[in-house]
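Hi everyone, thanks for coming.

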Amino acid sequence: MSRNLVGVLGGMGPEATILLQQRLLATVTARDDADHIPLLIDMNPQVPSRIAHLIEGTGTDPAPTLAQMALRLEDAGATALAMPCNTAHHYAPQIAAAVAIPLLNMVDLSVAHAAQFAPEGASIGMLASPAVQQTGVFDPALRRAGMTALWPEDTGRMLDAIRSIKAHGPTPEARQIVQDAAHELTGKGAALLFVACSEFSLLAPDLHAAVPVIDTVDVLARTIRDHTQMKSS
């Protein structure tokens with residue numbers, strides 16, 4: 001029996017992949033290096049832009065690149081895959097079809113976690129990329145859980161914040177945009193908020209809200225920890 005090993009499809013963006021590692025470290029009580037969780041990471045910032053492909057309609061389809069990354073990680077010994085990019089979960093079916101190992105689907109896992117706190121029929125406020133809204137990445141899982149998504153009115157402002165964070169890090173301006181969106185969504189009746197963009201996850205510790213906040217990167221980190229604590233044959 002050997003320890004399970006998660007392969008991470010990373011680079012979307014690079015800081016978000018590093019953030020996942022930091023959040024994963026925080027899930028472990030360690031006395032020495034060997035107590036921490038091993039990972040395989042394909043850090044590929046050259047994955048074609050999800051925003052260009054899904055919103056602008058001008059970019060290259062990222063799915064073939066993501067499928068190749070998944071295969072490389074499987075060949076390197078991964079027993080499951082993880083991807084700390086919510087928007088890229090639009091391509092989850094193509095990734096899953098390329099390999100024989102499971103994808104720890106951050107979207108499905110986060111909705112299942114939210115269902116423990118929000119009643120059926122609840123509205124979930126989405127702090128996410130407009131590409132997630134346009135492609136309905138969360139919609140099937142929310143429907144299965146009997147919940148619906150609430151979105152900020154000004155999607156262009158949310159996209160501006162994402163682009164700003166990718167270029168300059170978590171600036172005060174981006175932080176204010178996300179905070180304003182959180183207030184808007186709670187005012188509309190959101191029972192809880194999803195931080196469902198890994199760029200926004202960089203701002204999550206400073207986010208103030210009157211309802212529970214679930215960061216999808218945190219959900220994924222805990223799932224990776226649990227998977228690696230299992231033994232593979």
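Let's begin with the largest nonpolar core: it has 25 residues, and L127, L193 and F200 are the ones that touch the most other members. By a nonpolar core I mean a set of buried Ala, Val, Leu, Ile, Met, Phe, Trp, Tyr and Cys residues joined through side-chain atoms within 4.5 Å. Buried stands for under 20% relative accessible area, exposed for over 50%, and partly exposed for what is in between, using a 1.4 Å probe and protein chains only. Two or more residues of this core come from each of α8, α9 and β7, and α9 contributes the most, with six. Helices (H or I, at least four residues) and strands (E, at least two) are DSSP runs, numbered from the N terminus.

A word on the source: this is a predicted model, so local features need pLDDT of at least 70 and side-chain atom pairs count only at pLDDT 80 or more, while totals for chains, interfaces and linings use all residues. Residues are numbered from 1 along each chain as its sequence is written, and side-chain values use heavy atoms, with hydrogens and water left out.

What is L193 in contact with, once we set aside its neighbours within four places in sequence? The list is G125, L127, A182, L185, T186, A209, V211, P212, V213 and I214, where contact means heavy atoms within 4.5 Å.

Next, the aromatics. There is one aromatic pair in the structure. F138 and F194 have ring centres 5.6 Å apart and planes at 45°, so they count as tilted. For the cut-offs, rings of Phe, Tyr and Trp (its six-membered ring) pair if their centres lie within 6.5 Å; planes under 30 degrees apart are stacked, over 60 edge-to-face, and the rest tilted. Because F138 sits in the loop between α6 (130-135) and α7 (139-144) and F194 in strand β7 (residues 192-196), the pair ties together parts 56 residues apart in sequence. Both F138 and F194 are buried.

Now for charges. How many salt bridges are there? The count is 11, taking a salt bridge as a side-chain nitrogen of Lys or Arg within 4 Å of a carboxyl oxygen of Asp or Glu. One of them joins D180 and R157, with the closest N and O atoms 3.2 Å apart.

K166 is in helix α8 and E199 in helix α10 (residues 198-201), so parts 33 residues apart in sequence are tied together.

Last, the cysteines. The whole structure has zero disulfides, a disulfide being a pair of cysteine sulfur atoms within 2.5 Å. For C85, the nearest cysteine sulfur is that of C197, 7.4 Å away. C85 is buried, with a relative accessible area of 7%, and C197 is buried too, at 6%.
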